[in-house]
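Trainee: I've got a new model open and I'd like to learn how to read it. Could you walk me through it, one feature at a time?

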Amino acid sequence: MSSLRTVLNESLIIHPPGFYIIGFETFSYISVYIIFLAFVYVVTLVFNILLIYIIARNHCLHTPKFLAVVNLAVIDVILNTSTIPSMIKTFLFKANFVPFNLCLLQMFVYYACVILESYALAILAYDRLIAICFPLRHNSINTMRSMSCIVGLTWCYALGVITFSTVIMTRLSFCNSVRVFSYFCDYAPVFRLACNDYTLQASVASASSMVNLMGPFTFIILSYVSILVTVFRMKSVSSRMKALATCIEHLVLVAVFYLPLFSIFLMGLYVRSIDPDQRVLSLSLASCIPPCINSIVYSLKTKEIKTRALALVHRMKTSP
C-alpha cells in the first residue's frame with residue numbers, strides 16, 4: 001500500500017485552489033500591529049517615492065551612487081507592497097484565503113526583492129569602495145554605464161533564481177493541509193505542506209539563502225576592511241573623518257537589514273522552543289522595517305538629497 005501511495009504521489013500532481021494564511025490568528029495585539037504596519041507602509045511609499053522623484057528631477061544627481069540609491073528605493077517599494085497590503089486586507093476583511101497562482105506570485109515577488117535588497121546593499125558598498133580606495137580613478141571605473149550593467153545583472157540573476165525556485169514549487173502535490181503558518185505565502189512553510197518529496201525545494205531554499213545573503217554580506221565586510229585600511233593610511237585626521245562619514249548611512253542600512261535576519265537564523269539554530277507567533281512577528285518586522293528605514297536614512301543623512309528635499313518643500317509652500 002505504501003509503495004502504491006509513493007507511485008501516486010510521484011506521478012499525480014495535486015494543486016489546491018489556494019492556501020489559508022494563518023500566521024497571526026492567535027496573536028493578541030494584531031489590531032495594534034496592523035495599524036503599525038499601515039504606518040510603516042505609508043512611510044515607505046512617501047519617502048521612497050520622494051527619493052526617486054528628487055533624484056530623477058535633478059540632473060546633478062544622475063551619478064552611479066544615486067543610481068544605486070534609486071535601485072534600492074524601487075526594491076523597497078515593491079518589497080513592502082508584496083506583503084503589507086495583503087496583511088491589512090486579511091485583518092480588515094477576515095479574508096485569509098490566497099489562490100494558488102497568486103500565492104506563487106507573492107512568493108516570487110517577495111523573495112526576488114529580498115535577494116535584490118541584499119545585492120543592492122553590496123552595490124552601494126562597491127560604490128564606497130571605489131570612491132575611497134581609488135579616488136583618482138573613481139570617475140573612470142565607476143561610470144553610469146558600468147553601474148547600470150551591475151544593477152541590470154543583479155536583477156536578471158535574482159529574477160532567474162526565483163523563477164526556478166517558484167517553478168519547482170508547481171511539482172509538489174498538496175493533498176492534506178493548506179494552512180500556511182506565516183504572514184504571507186512563505187516558501188518553506190508552503191513546501192512543507194506537500195505530500196510528496198520536497199527535498200529539491202528545501203535544498204534550493206537553503207542554497208539560495210546562503211549564497212544570496214552570505215555572498216553579498218561577505219563582499220560588504222571585505223569592502224569595509226579595504227576601506228578601513230585605506231582610511232588609516234591617510235595622513236590627515238579630517239580626511240579620515242570625511243571618508244568615514246560618507247559610509248555612515250550605508251552601514252546603518254546594512255545593520256538594519258542583516259542583523260535581524262541573522263538573529264532569527266541563529267535563534268532557529270540554538271533556541272529549540274520559540275513561540276510560533278513570536279517567530280512570525282520577528283520575520284515580518286525583519287522584512288517590513290528595512291524598506292521603511294532605508295529611504296529615511298538616505299533622505300536625512302545625505303546632504304544632496306536633504307538640500308533638494310527642503311527646496312522642494314519650500315517651493316510647494318510658496319507656490320500659489
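Mentor: Let's start on the outside. Tyr157, Met210, Val211 and Met214 form a nonpolar patch on the surface, together showing about 350 Å² of accessible area.

Trainee: What counts as a patch, and how is the area worked out?

Mentor: Patches are built from residues with over 30% relative accessible area and no salt bridge; like charges are joined within 9 Å, and nonpolar side chains (Val, Leu, Ile, Met, Phe, Trp, Tyr) within 5 Å. Accessible areas come from the Shrake-Rupley method with a 1.4 Å probe, and for residues only the protein chains shown count as cover. Before we go on, a word on the source: this is a predicted model, where local features need pLDDT of at least 70 and side-chain atom pairs count only at pLDDT 80 or more, while totals for chains, interfaces and linings use all residues. Residues are numbered from 1 along each chain as its sequence is written, and side-chain values use heavy atoms, with hydrogens and water left out.

Trainee: Which helix gives the most to the nonpolar patch?

Mentor: Helix H9 (residues 199–232), with three residues. Helices (H or I, at least four residues) and strands (E, at least two) are DSSP runs, numbered from the N terminus. Met214 lies in helix H9.

Trainee: Is Met214 buried, exposed or partly exposed?

Mentor: Buried means under 20% relative accessible area, exposed over 50%, and partly exposed in between (1.4 Å probe, protein chains only). Met214 has 32% relative accessibility, so it counts as partly exposed.

Trainee: Let's zoom out. How many helices and strands does the protein chain have?

Mentor: There are 13 helices and three strands. The C-alpha atoms fill a box of roughly 80 × 50 × 35 Å along the principal axes. Of the 320 residues, 45% count as buried. The accessible surface of the chain comes to about 17,000 Å², and 70% of that belongs to carbon and sulfur atoms.

Trainee: Where does UniProt place the feature "transmembrane region"?

Mentor: The unreviewed UniProt entry puts it at residues 30–54, 66–88, 108–126, 147–169, 213–232, 244–268 and 280–300. Those positions are given in the numbering used here, feature names are shortened, and annotations may be inferred rather than shown by experiment. You can check such spans against the model. Residues 213–232 are 100% helix and 0% strand, with end C-alpha atoms 29 Å apart. Residues 66–88 are 91% helix and 0% strand, and there the end C-alpha atoms lie 32 Å apart.

Trainee: How do I read the inside of the protein?

Mentor: Look for a nonpolar core, a set of buried Ala, Val, Leu, Ile, Met, Phe, Trp, Tyr and Cys residues joined through side-chain atoms within 4.5 Å. The largest one here has 72 residues, of which Phe24, Ile55, Tyr183, Ile220, Ile227 and Tyr258 touch the most other members. Helix H5 (residues 100–133) gives the most to this core, with 18 residues. A second, separate core of 21 residues includes Phe19, Val98, Leu172 and Val180.

Trainee: Which residues does Ile227 touch?

Mentor: Contact means heavy atoms within 4.5 Å. Leaving out residues up to four places away in sequence, Ile227 touches Arg128, Leu129, Ile132, Cys133 and Cys247. With the same exclusion, Thr166 touches Leu104 and Phe108. Thr166 sits in helix H7 and is buried, at 12% relative accessibility.

Trainee: What about charged pairs?

Mentor: A salt bridge is a side-chain nitrogen of Lys or Arg within 4 Å of a carboxyl oxygen of Asp or Glu. By this rule the count comes to two. In one of them, the side chains of Glu249 and Lys65 meet at 3.8 Å, N to O. Glu249 lies in helix H11 (residues 248–270) and Lys65 in helix H3 (residues 64–81), so the pair ties together parts that are 184 residues apart in sequence. Glu249 is buried at 5% relative accessible area, and Lys65 is buried at 16%.

Trainee: And how far apart are the closest N and O atoms of Asp127 and Arg128?

Mentor: They are 2.8 Å apart, in a salt bridge. Asp127 is buried, with a relative accessible area of 2%, and Arg128 counts as buried at 10%.

Trainee: Where does Lys94 lie?

Mentor: In the loop between helix H4 (84–93) and strand E2 (97–99). Lys94 is exposed, with a relative accessible area of 65%, and its phi is near 50 degrees, a positive value in a residue other than glycine.
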